[in-house]
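Visitor: I am new to this structure. Could you take me through some of its local features?

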Amino acid sequence: MRYLLASCLLFSLASAAAIPTNQGNGKGNGNGNGNGNGTSNGNGHNKKFTVELGPRPYYLVDDMDEGPLKAKLQSCSEGPFKVSDFVFAHRGAPLQFPEHTVESYSAARRMGAGVIECDVAFTKDKQLVCRHAQCDLHTTTDILNRTDLASKCTTPFTPATSNGTAAKAKCCTSDITQAEFKTLCGKMDGFNPKATTVKEYMDGTPYFRTDLYSTCGTVQTHKEYIDLVNGWGLKFTPELKKPEVKMPFQGYTQEQYAQDMIDAYKAAGVDPSRVWAQSFVPDDIFYWIKNEPDFGRQAVYLDERVDTVAGYANATASLPGLAARGVNIMAPAFFALTKVDNATGTIVPSEYALAAKAAGLELVTWSFERSGWLNKGGDYYYQYVKPVINNDGDMYTVLDVLVQQVGITHMFTDWPATLTYFASCFGL
């Protein structure tokens with residue numbers, strides 16, 4: 001079934017629009033590439049860059065219920081499709097490509113993402129690399145297959161047992177040096193808890209993804225990511241990952257970690273307007289606001305408090321106070337921004353969304369295309385609108401409410417093509 005789904009997601013030249021590419025010095029000009037008029041690779045040559053979307057957006061539009069939104073999206077079927085800053089490439093394009101790899105970032109660029117993400121973690125020698133979590137190497141790379149590195153893991157592989165104990169492993173970026181990290185191959189994120197061998201453990205890709213491109217993804221340091229994205233003339237959204245080791249780590253403080261991430265952009269000559277620094281840790285956001293105000297102005301507070309009923313209420317009530325402390329952008333998971341109006345049976349903005357608007361806060365949200373099939377009501381990301389979700393095309397219905405009624409300015413996605421289609425259609 002996994003491979004059948006993969007065949008429906010492959011790239012297609014049918015949804016392409018040629019975009020003139022402006023090849024300059026690779027430094028960018030602070031305006032990025034949100035208008036789709038070109039990117040810069042720093043090689044001094046002019047050429048055209050083509051945004052390609054493949055069949056997935058068309059599949060989703062065809063799957064929608066009949067109505068004005070479907071008709072509007074159908075009217076945009078032949079493009080043109082343009083690079084858009086509305087589209088934040090979440091870890092690149094991990095629906096099909098190993099996350100935080102050159103291949104994943106390249107796919108995101110090809111599908112029109114104007115902003116590309118690097119989740120930032122640190123290594124044993126305190127260098128910054130791109131990983132979604134400090135301790136996810138056992139599920140996102142081939143480290144367990146590496147006899148020279150597997151023994152360095154915090155928790156080496158332990159097989160599942162016949163009495164039901166799950167297999168386990170824990171390998172962190174802080175277990176190895178940056179040089180060792182660079183020898184790893186990126187793979188699709190996943191593991192098999194019933195595994196009795198390393199090979200079985202590593203074979204755990206979720207059913208709605210594919211291993212088609214999971215051969216040996218090229219992992220990236222934070223600096224390499226900056227150079228790559230800067231060379232394309234696109235924009236950046238680095239997330240400072242919450243450490244899973246006790247801080248300070250060998251004298252390395254949280255403040256230095258937060259500063260090192262920002263310093264990398266300053267060293268590369270990147271204008272702060274091209275950077276959306278993110279964190280789930282409020283103190284990181286406040287640190288940037290105080291110590292790096294040019295970057296703090298566009299810092300994104302990732303709000304996970306909404307995951308519980310009490311937390312949601314507390315988070316909603318706290319928004320005016322956060323705005324008063326200088327926070328400009330809030331980013332909860334998108335389920336928290338909508339709800340179903342019981343009287344009409346329609347999807348409408350949530351209390352959190354209305355409170356953020358009243359407080360003058362900008363809203364960014366995450367993560368599109370991170371769910372399986374929606375014909376059974378969706379999962380985590382659709383939990384508040386589950387009663388009115390019954391097909392994959394409904395993700396565009398939810399997106400339309402998020403854009404037109406909630407007023408989100410950017411959205412993270414695991415497959416940029418789906419958002420690029422919508423953004424180009426509505427001029428985002």
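Guide: Let us begin with a term: a residue is called buried under 20% relative accessible area, exposed over 50%, and partly exposed in between, using a 1.4 Å probe and protein chains only. Glutamate 369, at 3% relative accessibility, counts as buried. This is a predicted model, in which local features need pLDDT of at least 70 and side-chain atom pairs count only at pLDDT 80 or more, while totals for chains, interfaces and linings use all residues. Residues are numbered from 1 along each chain as its sequence is written, and side-chain values use heavy atoms, with hydrogens and water left out.

Visitor: Where is glutamate 369 placed?

Guide: Glutamate 369 is in the loop between strand 16 and helix 14 (394-406). Helices (H or I, at least four residues) and strands (E, at least two) are DSSP runs, numbered from the N terminus. The phi of glutamate 369 is positive, near 60°, and the residue is not a glycine. Most residues other than glycine have a negative phi, and most peptide bonds are trans.

Visitor: And lysine 126, is it buried or partly exposed?

Guide: Lysine 126 is partly exposed, its relative accessible area being 26%. Lysine 126 also has a positive phi, of about 65°, and belongs to the loop between strand 4 (113-122) and strand 5 (128-130).

Visitor: Which peptide bond involving proline 80 is cis?

Guide: The bond from glycine 79 to proline 80 is cis, with omega near 5°. Proline 80 sits in the loop between helix 3 (68-75) and strand 3 (84-89). Another cis bond joins tryptophan 366 and serine 367, with omega about -15°; serine 367 is found in strand 16 (residues 362-368).

Visitor: Back to helix 14: how many of its residues are buried?

Guide: Ten of the 13 residues of helix 14 are buried, among them Asp394, Tyr396 and Val406. Just after helix 14, glycine 407 has a positive phi of about 90°.

Visitor: New topic: at what angle do helix 4 and helix 8 cross?

Guide: The axes of helix 4 (residues 102-110) and helix 8 (residues 222-232) cross at roughly 20° and come within 12 Å. Axes are lines fitted to C-alpha atoms, for helices over the stretch in contact, with angles from 0 to 180 degrees between N-to-C directions. Helix 4 is therefore roughly parallel to helix 8 (angles under 35 degrees count as roughly parallel, over 145 as roughly antiparallel, 65 to 115 as roughly perpendicular and the rest as oblique).

Visitor: Which residues make the contact?

Guide: Tyr105, Ser106 and Arg109 of helix 4 meet Tyr225, Leu228 and Trp232 of helix 8, where contact means heavy atoms within 4.5 Å.
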